[in-house]
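Biologist: I am new to this structure and would like to learn how to read it. Please take me through it feature by feature.

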Amino acid sequence: MSDTTDEQFPHDEGLPSPEPEGPGLFGEAEPPVPAAPQPPVPDAATAPYRVLARKYRPTTFEDLIGQEAMVRTLRNAFALGRVAHAFMLTGVRGVGKTTTARIIARALNCTGPDGQGGPTADPCGVCPNCIAILNDRHPDVLEMDAASRTGVDDVREIIEATRFRPMQGG
Ligand SMILES: [Zn+2]
């Protein structure tokens, strides 16, 4: 914000003068400078770039299109409190394996808006665990590219990690 007083009142010869409608010379609030008409900034220029797969990735089971049978199975599991220890999701690329895994991760770790909730098929999206998983920074949720990490050492790494309890998740 620049002081445009002198430009607005060139006859003042540089002397500071209170704005007619402003709070005065020592007013605490700056007089509102008429904002120059700004061209509308497109969202793409301000928002950090996200690849399409992440931008449009479903974040709830409701948004998951075309996997009704699997969603129903998972919903029943959560409703009964009998969630399996492991899930194997198969299919060609794009059917929602990774998306499902991420929703399951949130569903298992969600603590609800009040922090008192438990595993649920409808993760809240606002609790610390949900936010951390959505932002790819949850310490206990590891996303591995199974297409490239196929070696024995990769599996050893997983086995090694299973010796430790979760840091933040439940
Ligand atoms: Zn949550």
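Modeller: What follows goes from the overall fold to the core, the helices and some single residues.

Modeller: This is a predicted model, in which local features need pLDDT of at least 70 and side-chain atom pairs count only at pLDDT 80 or more, while totals for chains, interfaces and linings use all residues. Residues are numbered from 1 along each chain as its sequence is written.

Biologist: How many helices and strands does the protein chain have?

Modeller: Helices (H or I, at least four residues) and strands (E, at least two) are DSSP runs, numbered from the N terminus. The protein chain here has 7 helices and 0 strands. Its pattern along the sequence reads α-α-α-α-α-α-α.

Biologist: What share of the protein chain is made up of buried residues?

Modeller: A residue is buried if 20 or more other C-beta atoms lie within 10 Å of its own, exposed if 12 or fewer, and partly exposed in between, with C-beta atoms placed from the backbone. Of the 170 residues in the protein chain, 12% are buried.

Biologist: Which residues make up the largest nonpolar core?

Modeller: A nonpolar core is a set of buried Ala, Val, Leu, Ile, Met, Phe, Trp, Tyr and Cys residues joined through C-beta atoms within 7 Å. The largest one has 11 residues: Phe61, Leu74, Ile103, Ile104, Ala105, Ala107, Cys110, Cys127, Cys130, Ile133 and Val141. At least two residues of this core come from each of α5 (97-109) and α6 (128-134). With 4 residues, α5 gives the most to this core.

Biologist: What does leucine 74 touch?

Modeller: Two residues are in contact if their C-beta atoms, placed from the backbone, lie within 7 Å. Not counting residues up to four places away in sequence, leucine 74 touches Phe61, Ile104 and Ala121. For the protein chain, 46% of the contacts between residues at least 6 apart in sequence join residues at least 24 apart.

Biologist: Which residues of α5 are buried, and what covers them?

Modeller: An α-helix has 3.6 residues a turn, so residues three or four places apart point the same way. In α5 the buried residues are Thr99, Thr100, Arg102, Ile103, Ile104, Ala105, Arg106, Ala107 and Asn109. Their cover includes α4 (68-80) and α6.

Biologist: How does the span of α5 agree with its number of residues?

Modeller: The expected span of a helix is 1.5 Å times one less than its number of residues. With 13 residues at 1.5 Å a residue, α5 should span 18 Å, and its end C-alpha atoms are 18 Å apart, which agrees. The 13 residues of α4 should also span 18 Å, and the end C-alpha atoms of α4 are 18 Å apart, in agreement.

Biologist: Where is leucine 108, and what is it in contact with?

Modeller: Leucine 108 is placed in helix α5. It is partly exposed because 19 other C-beta atoms lie within 10 Å. Leaving aside neighbours within four places in sequence, leucine 108 is in contact with Val83 and Pro119. Leucine 108 and valine 83 are 25 residues apart along the chain, and their C-alpha atoms are separated by 8.8 Å.

Biologist: Where are phenylalanine 87 and aspartate 122?

Modeller: Phenylalanine 87 is in the loop between α4 and α5. It is partly exposed, with 14 other C-beta atoms within 10 Å. Its C-alpha atom is separated by 8.5 Å from that of alanine 101, 14 residues apart along the chain. Aspartate 122 is in the loop between α5 and α6. It is partly exposed, with 16 other C-beta atoms within 10 Å. Aspartate 122 and isoleucine 104 are 18 residues apart in sequence, and C-alpha to C-alpha they are 9.6 Å apart.

Biologist: What is the phi of aspartate 136?

Modeller: Most residues other than glycine have a negative phi. Aspartate 136 has a positive phi, near 60°. Aspartate 136 lies in the loop between α6 and α7. It counts as exposed because 10 other C-beta atoms lie within 10 Å. Just after α4, glycine 81 also takes a positive phi, of about 70°.
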